[in-house]
Every structure is written in C-alpha cells, then in structure tokens.
Amino acid sequence: MTKREQLEQMLAASPNDAFLKYALAMAYASEGQTAEAAKRLAVFNQEHPQDVPGYFQRGKLLAKLGEEDEARTVLKQGISVARQVGDSHAEAEMTAFIDML
C-alpha cells in the first residue's frame, strides 16, 4: 500500500482532519500528480484559510504547472495570512518565491 493510499484510508476515517488533507495533497505532489495536488490544496485553502503552508505549497505547485499569475495570487493571499498569524518566516519565504517568478 502506498503512502497516498494509507492517507486516503486514514482520511476516510477522519474526514475533517486538516493535517491528513494537507498530507494527502502533498502525497499527490510527491507522486508527480501536480495538478491534483494543487486542486486539493485549493480546497484545503478554502476549508482552512489560516493554514499558511497550504498557500505556499499550492503557489509552488501552480508555478510548476506554468500558472505563474495564479501562483502569485495564491502566494499574496498566503503572505496576508502569514502576517495575520505572525508567521514572518513563511511571509519571507513566499515573498522571495514571488520575486523568483
């Protein structure tokens, strides 16, 4: 059983677990299923709008897909959330990533 399959089973048992949703999206990314991972992180961002890493990872995936404008938009949202929750490290990382796009 793959890591993704294990996470899917765990999420079926705990469908509201934010960590499992994030981990599953990242498992898709690890398997090279970038579009599916980005799609899942978009839902994750809607359901867990204060979770900063979701924005950063989604922005990176969108950039990888060649969707730089959308990546910038997502990263700017993430920067705003990072400021709200006081995560200056994530804010700096996302700002630097935008500058590289």
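Rings of Phe, Tyr and Trp (its six-membered ring) count as a pair if their centres lie within 6.5 Å; planes under 30 degrees apart are stacked, over 60 edge-to-face, and the rest tilted. A search of the whole structure finds two aromatic pairs. The model is predicted, so local features need pLDDT of at least 70 and side-chain atom pairs pLDDT 80 or more, while totals for chains, interfaces and linings use all residues. Residues are numbered from 1 along each chain as its sequence is written, and side-chain values use heavy atoms, without hydrogens and water.

The ring centres of Y22 and F44 are 5.7 Å apart, with planes at 50°, so this pair is tilted. Y22 lies in helix α2 (residues 18–30) and F44 in helix α3 (residues 34–47), so the pair ties together parts 22 residues apart in sequence. Helices (H or I, at least four residues) are DSSP runs, numbered from the N terminus. Y22 and F44 are both buried (under 20% relative accessible area, 1.4 Å probe, protein chains only).

F56 and F97 have ring centres 5.9 Å apart and planes at 80°, so they pair edge-to-face. F56 belongs to helix α4 (residues 52–64) and F97 to helix α6 (residues 88–100), 41 residues apart. F56 is buried, at 14% relative accessible area. F97 is buried too, at 17%.

F97 also takes part in the contact (heavy atoms within 4.5 Å) between α5 and α6. The axes of α5 (residues 68–85) and α6 come within 9 Å and cross at roughly 160°. Axes are lines fitted to C-alpha atoms over the stretch in contact, with angles from 0 to 180 degrees between N-to-C directions. The α5 helix is therefore roughly antiparallel to α6 (over 145 degrees).

Methods:
Helices (H or I, at least four residues) and strands (E, at least two) are DSSP runs, numbered from the N terminus. Buried means under 20% relative accessible area, exposed over 50%, partly exposed in between (1.4 Å probe, protein chains only). Angles under 35 degrees count as roughly parallel, over 145 as roughly antiparallel, 65 to 115 as roughly perpendicular and the rest as oblique.
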